[in-house]
Amino acid sequence: MTLQVIVGAQWGDEGKGRIVDWFAAQANFSARFNGGDNAGHTVTVGKRIFKLHLIPSGIIHPQIVAILGNGMVINPATLFEEMDILRQAGISVSPERLRISFAAHLITPAHQALDKALEVARGRGNLGTTGRGIGPAYTDKASRRGLRLADMLAVDFCERIGNHVTEANRSLRMLGAAELEPGPVCEQFGEFARRLKPHIADTALELHAALQTGKTVLAEGAQGTLLDIDFGTYPFVTSSSTTAPGALTGLGLGLDAAREARVIGVVKAFQTRVGSGPFPTEVFEALALRLRGSGENPWDEYGTTTGRARRVGWLDGVLLKYAVRINGLRELAVTKLDILSGLENLRLCTAYRHDGKVLTDLPFGPAELEAFEPVYEDLPGWSEDVSALREWGQLPAAARNYLDRIARLAGVPVRLVSVGPEREQVVVHS
Ligand code: GDP
Ligand code: IMO
Ligand code: MG
């Protein structure tokens, strides 16, 4: 059996979508295990750019069966929009190809309203959430009052939705936000339920059977290690397990599935973050604009889901080493190497200075990073455009040196390097 787990090693937007698409060419199942439409995963195939929020990024390959796992929170309105876009592009999203766990949770307009109202209430200390209702949906799940996909099959689903809206209204009232009419939400979700029914399944059972019969299952993380609810820069995190072990609980797989799993961490060649929270290697002004891009190119650093400008900085080797440990990464896929072409000097954070000491491990994980000062190592850059290169040996010596240094800091090899957003713009390190 073959399980491949692909997770973000930073604060999300590492290029997971395009790496999943690359691996999906050789896989049978493509599965999302956490988060919801706070994710935005881009896959570029020629002139077509797919921005996927809920549907796994392997879907573009015709042999793939796509799974939305029990660890996810699903807004059916976004899901239908995405299904329509794929259908229009000639990609099947039939019930045989798109399977949704009965145990995944629903996101409703009440969750979205609560997410926004809570952010307003936080004022200057807001988290910078995507406003998609992620936190409130996981809160309901943990409070054991959430709505699962299986509820859509119940005869009293409309009543359950109505109760949920009434309950949420109480919180909205306390927050001074507008309340919702239960009637229209019941009606809308009744229609969603009718359309989703044929997709709802015990996906854990289906994945187990697939692995037992030698099929390849690709588990796709959303967000990144540093946004994990337990291991991220708490409280500036998302509400789910974004790390590799989350693939097991979020898909209903046992530890035996992990035994021979290929665990791949996607790492941007520099560092980005969208939303609030610490970012020790952040850069500003002209250098920030250079790394972010001005927004002219589709790959410039503006959020796929919210359009917000991403904060940018130098690659943080201390946090990368942490991500390797927490996820059990066995290899790295480094993306956006092409963006660094033309920079004379590159910096890598190799340690932190704190209380007069130099540390390469954090005493309490990455939560309280404000007091840590990065220690940088400077490396020479390269001027050559690398976007047309496909072989390791063709890469400029300075680029290979930079990648080798990343691998040494991380303690695991760099196996893939992407040098542009398109499907074939990949260099495999033999
Ligand atoms: P994800 O959330 O991890 O899937 O990443 P996003 O899709 O949110 O953001 C990554 C962005 O970088 C997208 O616009 C990708 O098309 C683009 N991208 C991915 N790999 C590369 C690369 O190697 N070079 C360039 N220039 N763009 C890339
Ligand atoms: P992908 O899968 C980058 C960030 C938000 C905010 C924090 C909490 O495309 O990498 P939430 O709406 O989840 O409650 O917001 O997490 N965030 C992401 N940042 N990429 C993402 O997804 C993200 N999903 C959430 O900006 O700081
Ligand atoms: Mg993204």
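**Reading the sites**

Guide: Asp13 (OD) and Gly40 (O) coordinate the magnesium ion (ligand 3) at 2.1 to 2.2 Å. Donors are N, O and S atoms within 2.8 Å of the metal (3.2 Å for Na, K and Ca), and sites may look incomplete, as water is not among the atoms. The pair, 27 residues apart, links distant parts of the chain: Asp13 is in the loop between strand S1 (2–8) and helix H1 (16–24), Gly40 in the loop between strand S2 (29–32) and strand S3 (41–45). Helices (H or I, at least four residues) and strands (E, at least two) are DSSP runs, numbered from the N terminus. This is a predicted model, with local features needing pLDDT of at least 70 and side-chain atom pairs 80 or more, while totals for chains, interfaces and linings use all residues. Residues are numbered from 1 along each chain as its sequence is written, and side-chain values use heavy atoms, without hydrogens and water.

Visitor: Is Gly40 buried or exposed?
Guide: Buried means under 20% relative accessible area, exposed over 50%, partly exposed in between (1.4 Å probe, protein chains only). Gly40 is buried at 10%, while Asp13, at 21%, counts as partly exposed.

Visitor: Which side chain has an N or O atom 2.6 Å from an oxygen atom of ligand 2?
Guide: A polar contact is a pair of N or O atoms within 3.5 Å. Here the side chain is that of His41.

Visitor: Where do the buried residues of H7 lie?
Guide: In helix H7 (residues 203–212), Thr203, Ala204, Leu207, Ala210 and Leu211 are buried. They line one face, because they fall within an arc of 125° seen down the axis of H7, taking directions from the helix axis to the C-beta atoms.

Notes:
Chains are lettered from A and ligands numbered from 1 in the order in which they are written. A polar contact is a pair of N or O atoms within 3.5 Å; within protein, one must be able to donate a hydrogen and the other to accept it, and residues adjacent in sequence count only if both atoms are side-chain atoms.
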